[in-house]
Amino acid sequence: MSERKLDFTKGKVEVLTLDELKQTHRENYPDGNPVGDIYHFDLLYYIADLLEKRNIPYEFKEIFAVNNKMRGRNGVSISDESKEIHGEGSLESFILRRVFANIALFGDDHHDELTDSRYNLAVSYTQQGIMVGFGPYVFACHNQTICAAQHIVSNYSLPGCGRMEFRDRELPAFLNRLTATVDQVIPSYEADMKEIRSMQNVVMTQVEVEQFIGALDAKRVLCDSQDKDIHSQECYPLGDKNIHALIENLHKKRMWKGCTMYQLMQEANFFCKPGHTLFNLALPQSLMLFNGMKSYHQTGIFDFSINSSNE
């Protein structure tokens, strides 16, 4: 029996190692298959194996479980049977349904001091399903979101991505997409970092800042419109309240009259996290902001979409 004890009564987050995660209770369907089709630790082992086979250096920086309330399927539950065998607080007695991981890619040699960024891969394994994202600045934080992922794959429908077919939700199809996404890590790395560095050197005027705000608001209006002829099924990068707060922040920080493209994107991206937006919107909204700024950089048009055509 492991000596490690978990206690979610003092806080809703517990940090674990991959070996400790593997020791927790395995929740199965009546037919014996894992709930969600794959155990959280097996998913992480699968990703590690993909990276190793492609000779991509990686390091698990943090794995953590989060408790939250969901009818019948809280983020953390206790197996009474396992508790009787292994003791209260034992790893083996905990059912963890909400697990996040941060995996640093390429090692310290690829830490970009200019942008203070590291190319990472973040994993979200929750009651809703699985979501994996990678890119510069990507990380899963303890307030339960993945921030600033440039490349994402999931086994459930994300806002703005259209409804996912049932066959695409199944584990084999998801793992195939995950493998294809990991295959893009190396070619995407240089392109993404080049784009970020370039954005840091582009100064936007007050007129351009106002155009950015106007484009955000125009997208929001179409998404919120009740007129079926113009209503957009996509999600918006920022809601009305967050656009309002962004404008205030830009004025307070004296960025309204001009700032770099990178600074403007980061100020907007601040609102793509719980407390400012819904959990399932955080990653798509962050991606839309990056794609919108990238498209403006390349074409002069703010194209806030999940799948940007400006590659």
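Which residue in strand 5 does Ile 63 stand opposite? In this predicted model, the residue opposite Ile 63 is Ala 101 of strand 5. The legends below describe close-up views of the sheet, a helix pair and a pocket.

Figure 1

**Figure 2. Strand 2 (residues 58–66) is paired with strand 1 and with strand 5 (residues 99–105).** The pairing of strand 1 and strand 2 is antiparallel and comprises four bridges. Within it, Val 15 has Phe 64 of strand 2 as its bridge partner. Strand 2 and strand 5 are likewise antiparallel, joined over seven bridges. Here Ile 63 faces its counterpart in strand 5, Ala 101. In a regular strand, side chains alternate between the two faces of the sheet.

**Figure 3. Strand 6 (residues 119–125) and strand 7 (residues 130–136) run antiparallel.** Seven bridges join the two strands. Ser 124 has its bridge partner, Met 131, in strand 7.

**Figure 4. Helix 2 (residues 40–53) crosses helix 5 (residues 171–182) at roughly 40 degrees.** Two packed helices are described by the angle between their axes and the distance between the axes. The axes of helix 2 and helix 5 come within 10 Å, and the crossing is right-handed. Helix 2 contributes Leu 43, Tyr 46, Ile 47, Leu 50 and Leu 51 to the contact, and helix 5 contributes Phe 174, Leu 175, Leu 178, Thr 179 and Val 182. By class, the residues of this contact comprise nine nonpolar, one polar and no charged.

**Figure 5. The second largest pocket has a volume of about 370 Å³.** Its lining consists of 25 residues, of which Val 35, Gly 36, Asp 37, Tyr 125 and Thr 126 are the closest to the centre of the pocket. Helix 2 and strand 4 (94–96) are the elements that give two or more residues to this lining. The lining residues divide into ten nonpolar, eight polar and seven charged.

Key:
Residues numbered from 1 in each chain as written. Predicted model: local features only at pLDDT ≥ 70, side-chain atom pairs only at ≥ 80, totals over all residues. Heavy atoms only, no water. Axes fitted to C-alpha atoms, helices over the stretch in contact; angles between N-to-C directions. Left-handed = near helix turned anticlockwise from the far one by under 90°. Contact = heavy atoms within 4.5 Å. Nonpolar A, V, L, I, M, F, W, Y, C, P; charged D, E, K, R; others polar. 1 Å grid on protein atoms, 1.4 Å probe; cavity = no way out; pocket = protein on both sides within 12 Å on 5 of 7 lines; lining within 4 Å. Points joined across faces, edges and corners; volume = space filled by probe spheres on them. Pairing = 2+ DSSP bridges.
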